[in-house]
Structures are given as C-alpha cells and as structure tokens.
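User: Hi! Could you walk me through this model?
Analyst: Happy to. Here it is.

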Amino acid sequence: TMLGNGQRVGNKKMVAPNAIINDGLIDVIIIGNTGVFEALITSSGLKSGKHLQNPKVEVLRGKRVVITTNSPKTIPVHAMGEMLGPLPHTFTCHHKVLKTLKMPDHILQREGWTHANVFLENIGKEP
C-alpha cells in the first residue's frame, strides 16, 4: 500500500499518476497479492504510472486514511524513508495548509534542481 498527495515520489516514480496535489485528498494505491514475477512487472511500471493497468492494483481516495492489519506480525511503516513505527497509522490531508513558492527556472537550472518542482504540473487543476 502506498499513499500519495502528489503524483511522484523519489527518483521520479509516478506512484499516484492521477493524484492532484491541491484537491485535499490522499490517493491510496493498493497492490494485491502478487507473486515475485508479477510484482517485478508491476513495480517496473512505477516510473510511468503503468502499474495501474494491473487488475490487482486498486486506487482509492480519501481525506483521512487509516491503515491497519489483522496480522499478528509487526508491520513497519515509513514515509519518505523515515520510520514511523508499526501499524496502525492514520494519515490526514489538511487541505491548502502548506504554502509553497516556486523558484525561478534559471535558479533551478543553475543549482541542478531541474526536477525539484515537478509536482507543480498539477497545481491549479480542479478535481
């Protein structure tokens, strides 16, 4: 299960290609039970968003998402590489709270951050 407020995560992987960063919703991508071979094929589509074509991939949206498990095993959760601790966890999208500024393109190019504002392509799209 992956959550996203925007389309992309590290290394430009398009985990939630239909996410709109300013719609006030979290996209939830659930990949069902897959074998090793199918998991490799599905994960290879993350760069382009083609993983959504797999019938075992489901996309849900919500303002508040609770992830829990019935498993007796401890299941760790991380966000952007930081460990949050074991399940359960609740995630809430606080609509229009974070204010962002876009740097001028010449500064982004000078600093080598040409993809730093890639999420901006979705700002302004109405849900």
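User: How much space lies in the largest pocket?
Analyst: The largest pocket holds about 1,000 Å³ of space. On a 1 Å grid over the protein atoms alone, a pocket is an open set of points where a 1.4 Å probe fits, with protein on both sides within 12 Å along at least five of seven lines, and lining residues have an atom within 4 Å of a point. Grid points are joined across faces, edges and corners, and the volume is the space filled by probe spheres set on the points.

User: Before we go on, what kind of model is this?
Analyst: This is a predicted model, where local features need pLDDT of at least 70 and side-chain atom pairs count only at pLDDT 80 or more, while totals for chains, interfaces and linings use all residues. Residues are numbered from 1 along each chain as its sequence is written, and side-chain values use heavy atoms, with hydrogens and water left out.

User: Thanks! Which residues lie nearest the centre of the largest pocket?
Analyst: Leu3, Gly4, Val9, Ala79 and Met80 do, out of 29 residues that line this pocket.

User: And which strand gives the largest share of the lining?
Analyst: That is β5, with four residues. At least two lining residues each come from β1, β5 (76-79) and β7. Strands here are DSSP runs of E with at least two residues, helices are runs of H or I with at least four, and both are numbered from the N terminus.

User: What does β5 pair with?
Analyst: β5 runs antiparallel to β6, and four bridges join them; two strands pair if DSSP finds at least two bridges between them. Proline 76 sits opposite proline 86 in β6. The two strands make a hairpin with two residues between them, and methionine 80 in the turn has a positive phi of about 55°.

User: Where is proline 88?
Analyst: Proline 88 is in the loop between β6 (82-86) and β7.

User: Is histidine 89 buried or exposed?
Analyst: Histidine 89 counts as buried because its relative accessibility is 17%; buried means under 20% relative accessible area, exposed over 50%, and partly exposed in between (1.4 Å probe, protein chains only). This residue belongs to strand β7 (residues 89-92).

User: What does the side chain of histidine 89 reach?
Analyst: It reaches the backbone oxygen of leucine 84 at 3.5 Å and that of proline 86 at 3.4 Å. Leaving aside neighbours within four places in sequence, histidine 89 is in contact (heavy atoms within 4.5 Å) with Val65, Val66, Ile67, Val77 and Leu84.

User: Switching topic: in what order do the three strands of the open sheet come?
Analyst: The order is β1-β2-β3, with antiparallel pairing. β1 (2-4) and β3 (57-62) are at the edges with a single partner strand each, so one side of each has no neighbour in the sheet. Strand β2 (residues 26-31) is joined to β3 by six bridges, and valine 28 stands opposite leucine 60 in β3.

User: Where is asparagine 18, and what does it contact?
Analyst: Asparagine 18 is in the loop between β1 and β2. Apart from neighbours within four places in sequence, asparagine 18 is in contact with Asp27, Leu52 and Arg61. At 48% relative accessibility, asparagine 18 counts as partly exposed.

User: Last one: how many helices and strands does the protein chain have?
Analyst: The protein chain has two helices and seven strands, running β-β-α-β-β-β-β-β-α from the N terminus on.

Definitions and conventions:
A polar contact is a pair of N or O atoms within 3.5 Å; within protein, one must be able to donate a hydrogen and the other to accept it, and residues adjacent in sequence count only if both atoms are side-chain atoms.
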